[in-house]
Amino acid sequence: MPSKEASPVLEFLDVSKVFGRHRVIDHQTFTVHAGEIFVIIGPSGTGKSVSLKLASGQLMPTEGDVRVLGTSLVDASTKTLEALRQRMGYLFQSGALLGWKTLRENVALPLEVRGKMKPKAIAEAVTKALEDVGLGAAGDRYPAEVSGGMVKRAAFARAIVEHPELLFFDEPTSGLDPVMARTIDDLITQINQKYGAACVVVTHDLAGALRYAHRIAFLKEGRFLEVSTPQAILSSQQPDIQAFLAAQSMEAKYVTST
């Protein structure tokens, strides 16, 4: 667990997000610190993905402020937002790879778009990122030629190729078998420890969250009912959290017994 003195990399300051008449996020405040793995869980349709989009600057709050790496996203210019995005990585639920490019070419895309590195340096960075996720020998294959787990790992490599300070994961184990889901869980821990990147993870996978999270935030109807350690979440007396735990009781028992 990062120390309490670690600097904040993400801050929600009384944030609300409203679509039409629907308040998806309702006056929420929290902080994610450098080096922390912060996981958002909760039922479907409660604002988890919207929270991630607000945190990464894909959406702007209706009220309040979001600060990333010390900078307000609300007040930021287009140039400032672009500079901030170079310090973030994002793993989309689908992987979002381009089918006509190889895994290696997909991972290289962020570096090529920036246009600040020579081809040799890009090739070296891509090779390292692929090796970090266990795909060192698969770079020349196309997304259609590999498994869903390999697609997800290649997308993971693309997210970390620039060594971001802040990583966002949207349902990183969705659609994966239990073995590959555990592999992704382990990669989150390994990358966090190796590069010190703070990680914000949205997931339904309670078992995985309990393995790697430093803190877990339970979101219900746009509000965090509890933000605590995995152990505290497991023993929470909140009825909604108890119901969520009960629905995944086999996984929770497995995690606490290993």
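**Exercise 1. Which helices are included in what covers the buried residues of α3?**

Start with the ground rules. This is a predicted model, where local features need pLDDT of at least 70, side-chain atom pairs count only at pLDDT 80 or more, and totals for chains, interfaces and linings use all residues. Residues are numbered from 1 along each chain as its sequence is written, and side-chain values use heavy atoms, leaving out hydrogens and water.

Step 1. Find the helix. Helices are DSSP runs of H or I with at least four residues, strands are E runs of at least two, and both are numbered from the N terminus. α3 spans 103-114.

Step 2. List its buried residues (under 20% relative accessible area, with a 1.4 Å probe and protein chains only). They are Leu 103, Asn 106, Val 107, Ala 108, Leu 109, Pro 110 and Leu 111.

Step 3. Look for contacts, meaning heavy atoms within 4.5 Å. The cover includes α4 (119-132) and α5.

Step 4. Look just past the helix. Gly 115 takes a positive phi of about 70 degrees there.

**Exercise 2. Describe the largest pocket and its lining.**

Step 1. On a 1 Å grid over the protein atoms alone, a pocket is an open set of points where a 1.4 Å probe fits, with protein on both sides within 12 Å along at least five of seven lines; lining residues have an atom within 4 Å of a point.

Step 2. Give the volume, the space filled by probe spheres set on the points, which are joined across faces, edges and corners. The largest pocket holds about 470 Å³. Of its 15 lining residues, Met 88, Tyr 90, Phe 92, Pro 110 and Arg 114 are closest to the centre.

Step 3. Trace the lining. β6 (88-91), α3 and α5 (148-160) each supply at least two residues. α3 gives the most, with 4.

Terms used:
Nonpolar A, V, L, I, M, F, W, Y, C, P; charged D, E, K, R; others polar. Buried < 20%, exposed > 50% of the residue type's maximum accessible area, 1.4 Å probe, protein only.
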